[in-house]
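Please look over the sequence and the model below before reading the report.

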Amino acid sequence: MVKDRDPGSFAMLTSILLLGYSVAFSAGQNDTEPVVLEGKCLVVCDSNPSAEGGVTSSFGISVRAAGAKVAFSAVRGTNHEPSEMSNKSMTIYFDQVLVNIGNHFDLKASVFQAPRRGIYSFSFHVVKVYNRQTIQVNLMHNEYPIISAFAGDQDVTREAASNGVLLHLEREDKLYLKLERGNLMGGWKYSTFSGFLVFPL
């Protein structure tokens, strides 16, 4: 004998199905408007594969996950650059991480690797060691210089150079700092390198 269905349960199931089709339609339009369900907000991002950090639902859409948070900030507290470690590649190495959300900054190599496609923000700050010299630092993207910072006042000893940029990165792109000219101040955490994911694509 089949029992009669509860009208309340049937109405709730119908509402969930309609909401699901509505979400799927919105995702097909690349819409990022939040969907509100019983006072809670579900942010629909896109229909990209979940391998890039989203959670794929049964409707084939990707929902923004907590794992999409990416940020790092590193400092150099000891020794001038270039050092014995950096003489060949001229990579600027850092010895302390202040923030490394997602663990995508490799401190030993001093290289950031993008975990997913998106728009990222980067900034850096360095201080030269001696007067009567010029320093130049490049932000390198997969071995190619993207932006530079320059300081060359011959009468100033502790002159600083800094720069910042927004970049469209693909998954596994690598970024690091390269010393093109001069010597950098090592102690007291003068040299910094920071970045974060602005939003995924």
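## Basis

This is a predicted model, in which local features need pLDDT of at least 70, side-chain atom pairs count only at pLDDT 80 or more, and totals for chains, interfaces and linings use all residues. Residues are numbered from 1 along each chain as its sequence is written, and side-chain values use heavy atoms, with hydrogens and water left out.

## Open sheet

Five strands make an open sheet with antiparallel pairing, in the order 7-8-13-10-11. Strands are DSSP runs of E, at least two residues, numbered from the N terminus; two of them pair if DSSP finds at least two bridges between them. Strand 7 (105-106) and strand 11 (144-151) are the edges: each has a single partner strand, so one side of each lacks a neighbour in the sheet.

Six bridges join strand 10 and strand 13 (residues 174-181) in the antiparallel sense. Leu-139 has Leu-177 in strand 13 as its bridge partner.

## Lys-128

Lys-128 sits in the loop between strand 9 (118-127) and strand 10 (135-141). Its relative accessible area is 0%, so Lys-128 is buried (under 20%, 1.4 Å probe, protein chains only).

The side chain of Lys-128 reaches the backbone oxygen of Asp-153 at 2.7 Å. A polar atom of that side chain also lies 3.1 Å from the backbone oxygen of Gln-133.

## Exposed leucine

Leu-166 belongs to strand 12 (residues 160-169). With a relative accessible area of 55%, Leu-166 is exposed (over 50%).

Notes
Helices (H or I, at least four residues) and strands (E, at least two) are DSSP runs, numbered from the N terminus. A polar contact is a pair of N or O atoms within 3.5 Å; within protein, one must be able to donate a hydrogen and the other to accept it, and residues adjacent in sequence count only if both atoms are side-chain atoms.
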